[in-house]
Amino acid sequence: MDSTAIDRSDTRRFEASRNRLASLAYRLLGSAADAEDAVQDAFLHWQAADRERIEVPEAWLTKVVTHLCLDRLRSARARRERTAGAWLPEPLLDGDPMLGPADTFEQRESVSLAVLTVMERLSPFERAVYVLREAFAYGHTEIADILGISTSASQQHLHRARRRITAGRRGGEVDPASARRIVEELLAAASSGRTERLVALLTDDAVAISDGAGLTEKLLRYDTPGRIASVARAGFTSTPAKQRLAGGVSDVHYALVNGAPALLFVPGGRIIGAVTFDLRGGRISTLRGIANPTRLVRLTDAWRRHAPETPLITGW
């Protein structure tokens, strides 16, 4: 084979792993844009490497992407952004290949917005061990080789990560039909101003979090059912001022985002806001409002390729 044919073959080998690598990077970083950058950087490493000496390309690429993500997590810029408290994971529409494997509960949970948020409390190594083990089923010997640590250290990192994620878990798997019914009830109660019904749909320890459309330095947080009900009433009520800010009237759609029920606000095919829900015991335990335009780019692109159902509300 001439060098051009070899390069094409090696590019195909990389492309065959791209979705898996992107899924790994997204779980580690919580950002689709950053994950895409990490995968592209890995491709440059792949092109520059002596590929004939790489015995197992998949293992080599996994190691490279993992370390590129660890470098990003440790960077001063990332620490400043995340410590500032205005960071929420980037939401992805169900079916996005970046969500990756979803055959087991552990794989589905590892990409939920709830767990991606909790993983911000983990050290970079704890986060990497948890993702490699729970989402991709790597053994501790393999993880130790990828991260350059001992097998026992890998086991300890996993133990600490599992403990912290269990302590921070606020929801669980819910029957899809029940999840949709609960979210539709909340939307109906909020848009009609029925405060008592709204409060009844929330757990006693419910929390609502918003990124403030990227206009605030810190996340907005509401942690009593009464306060959340008040915010939901205001947020789900359409006004001319909101329509002007949105660039027109919106449709409100039900969707699944990172495996969780969500409401999407869509004027003219562009998502301007997503509200996701964690459910526990038939009630809502967490609401997350994401309206920062930079966090909705990939979600909007996927939505435009999607065939949506009839909206729950038109002309919002």
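**Salt bridges, cores and a pocket in a predicted model**

In this predicted model, Arg-280 is partly exposed, with a relative accessible area of 33%. Its salt-bridge partner is Asp-205, and the closest N and O atoms of the two are 2.7 Å apart. The pair joins distant parts of the chain, since Arg-280 is in strand β5 and Asp-205 in strand β1, 75 residues apart. Asp-205 also counts as partly exposed, because its relative accessibility of 37% falls between the 20% and 50% limits.

The structure holds 19 salt bridges. Side chains of opposite charge can pair when their charged atoms come close. Arg-20 and Glu-58 form one of these bridges, with 3.9 Å between the closest N and O atoms. This pair too links distant parts of the chain: Arg-20 belongs to helix α1 and Glu-58 to helix α3 (residues 57-74), 38 residues apart. Glu-58 is partly exposed, at a relative accessible area of 42%. Asp-10, Arg-13 and Arg-51 are linked in a network of salt bridges.

Arg-162 forms a salt bridge with Glu-134, where the closest N and O atoms are 3.0 Å apart. Arg-162 lies in helix α9 (residues 151-168) and Glu-134 in helix α7 (residues 124-135), so the bridge ties together parts that are 28 residues apart in sequence. Arg-162 counts as partly exposed at 38% relative accessibility, whereas Glu-134 counts as buried at 14%. Glu-134 is also in contact with Gln-107, a residue of helix α5 (residues 105-110). Gln-107 counts as buried because its relative accessibility, 12%, is under 20%. Leaving aside neighbours within four places in sequence, the contacts of Gln-107 include Arg-27, Pro-101 and Ala-135.

The largest nonpolar core has 66 residues, of which Phe-14, Tyr-26, Met-119, Leu-147, Leu-264 and Leu-299 touch the most other members. Helix α1 (residues 3-29) supplies the largest share of this core, 8 residues. Apart from this core lies another of 29 residues, among them Leu-186, Ala-229, Tyr-254 and Phe-265. Beyond its neighbours within four places in sequence, Leu-264 has contacts that include Leu-93, Ile-271, Gly-273, Leu-299 and Trp-303.

Gly-273 also belongs to the lining of the largest pocket, where Ser-210, Ala-213, Ile-272, Gly-273 and Ala-291 lie nearest the centre. The volume of this pocket is about 1100 Å³, and 36 residues line it. The lining divides into 25 nonpolar, 6 polar and 5 charged residues. Elements that each supply at least two of its residues include β1 (202-210), β5 (273-280) and α14 (297-304). Helix α12 gives the most, with 5 residues.

Key
Residues numbered from 1 in each chain as written. Predicted model: local features only at pLDDT ≥ 70, side-chain atom pairs only at ≥ 80, totals over all residues. Heavy atoms only, no water. Helix = DSSP H or I, 4+ residues; strand = E, 2+ residues; numbered from the N terminus. Buried < 20%, exposed > 50% of the residue type's maximum accessible area, 1.4 Å probe, protein only. Contact = heavy atoms within 4.5 Å. 1 Å grid on protein atoms, 1.4 Å probe; cavity = no way out; pocket = protein on both sides within 12 Å on 5 of 7 lines; lining within 4 Å. Points joined across faces, edges and corners; volume = space filled by probe spheres on them. Nonpolar A, V, L, I, M, F, W, Y, C, P; charged D, E, K, R; others polar. Core = buried A, V, L, I, M, F, W, Y, C linked by side-chain atoms within 4.5 Å. Salt bridge = Lys/Arg side-chain N within 4 Å of Asp/Glu carboxyl O.
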